[in-house]
Amino acid sequence: LHSMATSAVFQLIAPATPEQQAQFDDQLRNDYGAGDVEWSRGQQLATARFPDTDSAVRALANVHRIGDTLIPLRLPLEPKQGPELFRFPFDLCLQSSGLQNSHLIAHYLDMWEYSRHLLLLIKRWGRSSGVVNSIDGLLASYGLTVLVVHYLVRIGRIPPLDVTLMQEPQFL
């Protein structure tokens, strides 16, 4: 067996007050069983040690703020030794129509020469504004792509697609 990370780093958008630090420490200890919680000199970065990987992952997934202060960055201390979830970039689709949907969207985006540029611009805006963040239960990149395609059809930049005229994608 390989070792799993039981430590996590939480980076706040602003320095925490002593009251916020105490509230955060109590939350990690009481709700997730954290042992040590250490703060950086600037009080904007907290490192916590958990009894097991499950507790660390639950804290990373559920602790998003201290009072009104957001915690946008939450990572295992050593991602290479962290849970497998943090090691491999992947996209999982359990529907057989996933590949067909990808082919359909690619076909749509090829119909207007600027559609991919528009999509990349909107995705960049979405990530920087926090709208695109499927980990936190917000909009996924795929959902944003579907919205852009729908918008382009509605304003007439690309025609509604007649799927009966499309060639079936060739997959191995």
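This is a predicted model: local features need pLDDT of at least 70, side-chain atom pairs count only at pLDDT 80 or more; totals for chains, interfaces and linings use all residues.
Which residues of H1 are buried?

The buried residues of H1 are Gln20, Gln21, Phe24, Asp25, Leu28 and Tyr32. Seen down the axis of H1, these buried residues fall within an arc of 135°, so they line one face of the helix. On the other side of H1, the exposed residues are Pro18, Glu19 and Asn30. As for its dimensions, H1 consists of 15 residues and reaches 21 Å from its first C-alpha to its last, close to the 21 Å expected at 1.5 Å a residue. The spacing of such positions follows a general rule. An α-helix has 3.6 residues a turn, so residues three or four places apart point the same way.

Let me now turn to one residue of that buried face, Phe24. Phe24 is buried, with a relative accessible area of 1%. Its ring takes part in two contacts that I wish to describe in turn. A pair of aromatic rings is described by the distance of the centres and the angle of the planes.

With Phe10, Phe24 forms an edge-to-face pair, at 5.3 Å centre to centre and with 75° between the planes. Phe10 lies in strand S1, residues 7-11, and Phe24 in helix H1, residues 18-32, so this pair ties together parts that are 14 residues apart in sequence. Phe10, like Phe24, is buried.

Since Trp39 belongs to strand S2, residues 37-39, while Phe24 belongs to H1, the pair ties together parts that are 15 residues apart in sequence.

H1 and helix H2, residues 53-62, have their axes 10 Å apart and pack at an angle of about 130°. That angle makes H1 oblique to H2. The crossing of H1 past H2 is right-handed.

Between the strands there is a backbone detail to note at Gln43. Gln43 sits in the loop between S2 and strand S3, residues 45-49. What is the phi of Gln43 near? The value is near 55°, which is positive in a residue other than glycine. Most residues other than glycine have a negative phi. Gln43 is partly exposed, with a relative accessible area of 29%.

Finally, I come to helix H4, residues 115-129. H4 has 15 residues, and its span from first C-alpha to last is 21 Å, close to the 21 Å expected at 1.5 Å a residue. Where do the buried residues of H4 lie around its axis? They are Ser115, Leu119, Lys123 and Gly126. These residues cover an arc of only 70° around the axis, which puts them on the same side of H4. The face turned away from that buried side carries the exposed residues His117, Leu120, Leu121, Arg124 and Ser128.

Directly after H4 comes Gly130, whose phi is positive, near 90°. H4 also meets helix H5, residues 141-154: the two axes come within 10 Å and cross at roughly 135°. That makes H4 oblique to H5, and H4 passes H5 in a right-handed crossing.

Note on methods
Residues are numbered from 1 along each chain as its sequence is written. Side-chain values use heavy atoms; hydrogens and water are left out. Helices (H or I, at least four residues) and strands (E, at least two) are DSSP runs, numbered from the N terminus. The expected span of a helix is 1.5 Å times one less than its number of residues. Buried means under 20% relative accessible area, exposed over 50%, partly exposed in between (1.4 Å probe, protein chains only). The arc is that of the directions from the helix axis to the C-beta atoms. Rings of Phe, Tyr and Trp (its six-membered ring) pair if their centres lie within 6.5 Å; planes under 30 degrees apart count as stacked, over 60 as edge-to-face and the rest as tilted. Axes are lines fitted to C-alpha atoms, for helices over the stretch in contact, and angles run from 0 to 180 degrees between N-to-C directions. Angles under 35 degrees count as roughly parallel, over 145 as roughly antiparallel, 65 to 115 as roughly perpendicular and the rest as oblique. A crossing is left-handed if the near helix is turned anticlockwise from the far one by less than a right angle, and right-handed if clockwise.
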